[in-house]
Amino acid sequence: MDATAAIRQLREGQKLEWPVNADTLNFAKSLETSSNFPRTLRKEFVVPTKAQLKRKTLKDDAQTAAPASSTDDESIYFCGNSLGLQPKAVGEYLSAYLKTWGSIAVGGHFTQLQESPLTPYQDLAAECSRRMSDIVGASPSEIVAMNTLTINLHLMMAAFYKPKEQKHKIMCEWRPFPSDWYAIESQIEWHGLDPKKSMVLVKPDDGYLMTTDNIINLIDQEANELALIMLPGIQYYSGQLLDIPTITAHAHKRGITIGWDLAHAAGNVELKLHDWDVDFACWCTYKYMNSGAGAVAGAFVHSKHGDNGPNVGLKGWYGHAKSSRFLMDNNFKPTPGAQGFQCSNPSIVDLTCLAGSLSVFQKTSMGDLRSRSLLLTAYAEHLLSQIASQNIKDGAFPFQVISPTDPRFRGAQLSVLLQEDLMEDVSAALENGGVICDKRKPGIIRVAPVPMYNTFEDVWRFMRIFEEALGSKDVSEETERRKEGGVVEARL
């Protein structure tokens, strides 16, 4: 199979034709070694073994200390949409931080040590912003590394949500991640308004998916009362990638400010926040950016909003321009760009982890990662479709994939909606097989092969365990006949 041609088709929204042997291990390995195909960066990450997943103590024994002798010993980690694997560089960066702190102490704020991968503490947030610029498609001055996701959502809405008597509503999705819902709800309440009257929900009009046409029509219907639109780049439950540029352009056509929660999009799909004229965006860095649990988050503010002097909303010492920050004269002069939104002295430990993880991104590009992801996810979708078709019971598929079938409108995640009676048994079987992927109620297993460290062999191995978990050894003669005849596709 020509991987380059396949990626071109996927980027055009076309469905691939897979060869008859696509469900074999040899085929999976052949995709990994295709010429001109972006290679995995798996060697840059710590991939837990199956034995290590069962660890109960930090003390190593023979099993937890032993490295994987083969891929069969490694776990299958498809949970990067929740917490990315640990980059080996993070350990190097943390070691440098501890040595810096332990030797020159406060001098680490301003001193660049030779052979250190770290910049001085005072410059580390700006350095992380620079390294994130290509990931989200913005200039470094439009990005700030600070706080965590929900705090940044609050800060952005404090600056950009200015309700008036008529224009007071915020548009959001029908089932946002709780952090978004709570932030939007409380911002409305903070202004003395009723969320039931001031929240406009975009509901799905195609199964679990929100179509662009529906969103645009709703914007038109509510335009006279909308003060802000706040939507997810990728919807966490379905894995749907929204049409950010089209929706943003239409919001601006109606004179409405629009912000995006990119928690599941940053580091996952190609973004061009500046070119798309997005007003603001927020994201966490512990999912596809792999910087560790609860790590420091990121935010974007478009340069068209100037130096943010009138927009900062909530001021803090670290939002003050670095050139005069230490004058201590209480005369606030905002740092130009998004970094003027900083409030507190940032956690250098968090920034150190982020800088280490971002160093891995410097070995690749979002274009290459997206190309690799498109084919990985399409391969997973194909094998899932085969499994569903071969395991029909009582006239029904055991599961359906509710993520978009058009590869242009999804990221690395496929959301598998299981029949209700299968959920717990399948989840337990996956865990016993050394597979890590997460559950989202009701009924969803989120399968996310991350292009940085997951391989086609991972996908193949997952499918074998998943099919066994369905308890599907009793296959009908008709299913066997269809399987032997070639590719079996179920529309899911």
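## Strands β7 and β8

In β8, G259 is the bridge partner of M230. Strand β7 (residues 226-232) and strand β8 (residues 257-261) run in the parallel sense, paired over 5 bridges, where pairing requires at least two DSSP bridges between the strands. The model is predicted, so local features need pLDDT of at least 70 and side-chain atom pairs count only at pLDDT 80 or more, while totals for chains, interfaces and linings use all residues. Residues are numbered from 1 along each chain as its sequence is written, and side-chain values use heavy atoms, with hydrogens and water left out.

## The sheet and its helices

The open sheet has 7 strands in the order β4-β10-β9-β8-β7-β5-β6, with mixed pairing; strands (E, at least two residues) and helices (H or I, at least four) are DSSP runs numbered from the N terminus. Because β4 (143-145) and β6 (199-202) stand at the edges with a single partner strand each, one side of each has no neighbour in the sheet.

Helix α7 (residues 149-160) packs on the sheet and touches β5 (169-173), β7, β8, β9 (280-283) and β10 (298-301), contact meaning heavy atoms within 4.5 Å. Helix α11 (residues 244-253) also packs on the sheet, touching β7 and β8.

## The largest pocket

The volume of the largest pocket is about 430 Å³, taken as the space filled by probe spheres set on grid points joined across faces, edges and corners. A pocket is an open set of points on a 1 Å grid over the protein atoms alone, where a 1.4 Å probe fits, with protein on both sides within 12 Å along at least five of seven lines, and lining residues have an atom within 4 Å of a point. Of the 21 lining residues, D206, L209, S403, P404 and T405 are the closest to the centre of the pocket.

Technical notes: Axes fitted to C-alpha atoms, helices over the stretch in contact; angles between N-to-C directions.
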